[in-house]
Amino acid sequence: MISRPFPGAAAIAVTLTRMSPPIRPWFAVLLALWLSGCDSTADRAVVVEFWAMGQEGEQVKALLPEFERRHPGLKVRVQQIPWSAAHEKLLTAYAGDAMPDLFQLGNTWIPEFVALRAVEPLDQRLQAWPQAALKDYFPGILATNRLEGHTYALPWYVDTRLFFYRTDLVAAAGWTELPATWEEWVQAMTRIKALAGPERHAILLPINEWQLPVILALQRGATLLRDRDRYGNFREPRFREAFAFYLSLFERGLAPPVGNTQIANLYQEFANGAFAVYVSGPWNIGEFGRRLPAAVQPHWDTAPLPAWIPPHPNPPPPGGRESWVGASLAGGASLALSRTSLCREAAWTLLEFLAEPEQQARFYQLTGDLPARQSAWADPALAGNRYAQAFRRQLQHLRATPAIPEWERIANKLTYHAERAIRRQVSVDEALAALDRDVDRILEKRRWLLSRGVQPSPAGQGSAR
Amino acid sequence: MKGSERHAALSAGIFLAPALLLIAVFFFLPVLAALLLSFSDFDIYALGDLNRLRFVGFNNYLQLLQSPLFWTALGNTFYFVLVGGPLSVGVSLGAALLVNARLTRFPGFFRAAFFLPVVTTLVAVAVVWRYLYHPRYGLLNYGLSLLGIEPIDWLGDPNWAMPAIILMAVWKSFGFNMIIFIAGLQNIPTTLYEAARIDGASAWRQFRYITLPLLGPTFLFVALMTMIGYFQVFAEPYVMTQGGPANRTLSVVLLMYEEGFRWWNMGYASAAAFVLFVLILAGTVLQLKLQKSR
């Protein structure tokens with residue numbers, strides 16, 4: 001199935017035959033490169049261009065022989081891009097009209113690429129799927145791939161943040177496991193800090209990361225933005241309360257005011273007991289297993305985040321204490337089709353293949369990335385990993401950050417103002433007022449687009465066939 | 001006569017045309033486009049659909065001048081230029097005098113050795129220097145500890161990060177200026193020194209009244225080039241500190257890069273670029289004026 005990108009191809013072919021012999025081969029090569037949108041190679045296989053990041057890009061190659069065996073007419077060319085440059089590369093590829101057919105993207109980037117009209121809506125294709133298949137995804141994660149009722153990508157693997165902690169240090173402080181509420185969490189940390197002395201701390205919260213203050217605020221019920229995400233909403237009491245609570249962790253000396261570039265070796269410091277608790281994601285299950293010394297290996301575990309429970313809840317929260325899990329962020333990576341790709345059908349076949357529970361389970365074994373489909377968690381390798389179980393519980397309690405392209409910039413501003421407040425250069429109220437001012441400025445374009453009736457994230461445009 | 005003149009002009013034009021065309025297409029056109037961009041709010045929305053582009057007049061410039069982050073970046077850049085620039089010129093002049101001295105043995109070896117940092121890639125150098133600067137295992141702090149000085153968190157301490165970057169930048173770049181100074185020194189006729197020696201001039205007086213004045217044009221060139229290069233400091237903080245800690249090593253070009261390629265605020269980033277251009281232009285004019293008034 002040779003696709004013809006434009007009618008002039010034949011004319012060029014004629015010109016080609018008239019060229020003098022020495023130029024012809026080179027010109028033919030250039031032409032072939034130029035035309036290869038979704039072209040058949042000599043052996044008539046369609047080549048799907050697939051961009052994946054970091055170690056995922058490396059490991060996914062192991063799944064592909066099976067795919068190519070099942071679909072003899074399809075070949076996959078994987079382009080591996082480093083995570084640090086991935087966002088820029090995708091934007092540049094879009095600007096230069098050189099998008100791959102299928103690509104991996106962080107699920108917080110989806111609103112941005114939808115606003116660019118770079119991704120193909122999947123609604124029509126998903127209608128052919130059985131209902132149960134979509135329900136198999138963790139709902140909080142699937143939600144981040146949907147905008148205004150349309151699905152633009154499918155989750156590949158999931159990522160959320162929870163506690164990694166030293167069981168021995170927590171036990172020494174008198175707790176058998178990490179507490180399930182904010183109040184008790186602070187009590188436990190205060191005790192740990194008292195035992196640890198002035199040089200050590202209860203918890204490490206790198207001040208240049210925005211995730212924990214946002215998680216605390218979302219748990220507390222803050223909306224972050226207001227009026228259809230037109231303005232910042234950070235001076236609102238619930239956000240202020242969560243933010244003040246976050247700052248108090250530094251004021252009380254429970255967490256050191258350092259950024260993550262100042263931690264020379266995280267694993268060494270964790271092993272030394274420089275801090276007992278750390279908030280991190282699934283990638284550190286493998287890293288902790290590899291990098292912590294053998295003596296510390298029996299003394300660490302993972303736990304879901306504590307919940308914010310009002311002092312005298314009325315009615316009391318349902319279920320026992322075990323069911324109290326505080327929400328965390330719905331992170332992870334998704335797979336999307338490029339809207340301008342010439343072989344979206346072939347790319348979709350590959351996406352469907354990678355979404356199969358068996359492939360998800362195999363991908364977990366290769367990378368340690370947690371599967372987005374719950375049925376893949378029945379795989380013995382994953383069911384037998386005790387550190388992953390806290391993630392499984394946490395993944396049922398997820399909240400998403402605002403689904404707008406400006407979010408990363410807003411989060412960046414949040415870190416900036418939080419850092420100033422932690423260093424006591426400004427008061428809580430000054431920091432939040434400045435944050436609202438900055439965020440309102442960032443959202444100015446969005447307000448302008450909405451006021452003109454333009455959808456910043458245009459939904460359900462027909463595909464450019 | 002007239003005909004042959006026209007003929008000469010025509011052939012000159014033909015010979016110049018390829019170069020001029022390339023400069024026009026690859027230099028003037030992009031600069032013009034960037035100038036236009038700086039008056040627009042080109043961003044991620046406009047990239048998706050040009051109907052979502054607005055021309056905002058001087059808004060980007062106004063916002064830039066009101067942004068505390070820009071002033072922080074500008075302050076850091078001036079710190080880098082005013083401390084690093086003279087230091088770099090001084091070190092390269094000193095090295096040139098040493099290498100060029102009659103008593104120095106193996107001048108070729110030293111010339112090559114001092115020039116080596118210039119030709120090595122910055123990223124590789126930065127990785128090595130990050131080890132040297134490491135607060136606990138770094139060679140620099142080890143040396144200081146032998147002198148009984150407490151370890152310094154070179155790249156993590158807001159007050160030390162910029163000096164650390166300047167030190168590395170000077171080490172990396174002084175070799176280039178040194179070569180130019182050596183060329184300048186070798187152009188000074190030895191007869192002048194001989195005459196001065198006969199008159200009983202000390203080494204310092206020879207340097208003050210022969211070397212320095214005759215190095216004038218070289219000095220101006222080196223100072224200008226160093227200033228322009230140092231105003232555009234980007235790679236060192238980008239690789240070593242990413243602008244941190246607490247934005248103390250954020251330079252104007254790094255800010256421009258972040259705004260442009262991280263947040264895709266092309267209009268705002270272009271405005272930052274033109275403000276920097278105006279500053280460099282002003283600095284150059286000032287130096288030329290100073291030189292002339294002597």
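Two strands are taken to pair if DSSP finds at least two bridges between them. In the predicted model described here, strand β1 (residues 46–53) of chain A and strand β3 (residues 102–106) of chain A run parallel and are joined by two bridges. Within this pairing, W51(A) stands opposite F103(A) in β3(A). Both strands belong to an open sheet of six strands in chain A, in which the order is β2-β1-β3-β14-β6-β15 and the pairing is mixed. The edges of this sheet are formed by β2 (74–81) and β15 (370–371) of chain A; each has a single partner strand, so one side of each is left without a neighbour in the sheet.

β7(A) pairs in the antiparallel sense with strand β11 (residues 275–280) of chain A, over four bridges, and Y165(A) has V277(A) in β11(A) as its bridge partner. β7(A) also pairs with strand β12 (residues 300–303) of chain A, again in the antiparallel sense and over four bridges. There, the bridge partner of F163(A) is A303(A) in β12(A).

Chain A as a whole contains 22 helices and 16 strands. Of its 465 residues, 40% are buried. Among the contacts of chain A between residues at least 6 apart in sequence, 74% join residues at least 24 apart.

Chain A is divided into domain 1 (35–158 + 330–388) and domain 2 (162–329 + 401–444). The C-alpha centres of domain 1 and domain 2 of chain A lie 31 Å apart. Twelve residues from domain 1 of chain A and 13 residues from domain 2 of chain A take part in the contact between them. On the side of domain 1 of chain A that touches domain 2 of chain A, α6 and α19 (386–394) of chain A each supply at least two residues. The largest share of that side comes from α6(A), with three residues. By class, the side of domain 1 of chain A that touches domain 2 of chain A comprises seven nonpolar, three polar and two charged residues.

Chain B has 14 helices and zero strands. Its pattern along the sequence is accordingly written α-α-α-α-α-α-α-α-α-α-α-α-α-α. The radius of gyration of chain B is 24 Å, whereas a compact globule of 294 residues would have a value near 19 Å. The C-alpha trace of chain B spans about 80 × 75 × 35 Å along its principal axes. Buried residues account for 31% of the 294 residues in chain B. Of the contacts in chain B with a separation of 6 or more, 65% involve residues 24 or more positions apart.

The contact between the two chains takes 18 residues from chain A and 15 residues from chain B. On the side of chain A that touches chain B, the elements giving two or more residues are α5 (83–95), α6 (110–115), α20 (407–422) and α22 (444–451) of chain A. Among these, α5(A) gives the most, with three residues. By class, the side of chain A that touches chain B has nine nonpolar, three polar and six charged residues.

Technical notes: Residues are numbered from 1 along each chain as its sequence is written. Chains are lettered from A and ligands numbered from 1 in the order in which they are written. This is a predicted model: local features need pLDDT of at least 70, side-chain atom pairs count only at pLDDT 80 or more; totals for chains, interfaces and linings use all residues. Two residues are in contact if their C-beta atoms, placed from the backbone, lie within 7 Å. Ala, Val, Leu, Ile, Met, Phe, Trp, Tyr, Cys and Pro count as nonpolar, Asp, Glu, Lys and Arg as charged, and the others, Gly among them, as polar. The radius of gyration is taken over C-alpha atoms; the globule rule is 2.2 Å times the number of residues to the power 0.38. A residue is buried if 20 or more other C-beta atoms lie within 10 Å of its own, exposed if 12 or fewer, and partly exposed in between; C-beta atoms are placed from the backbone. Domain bounds come from an automatic or database domain assignment.
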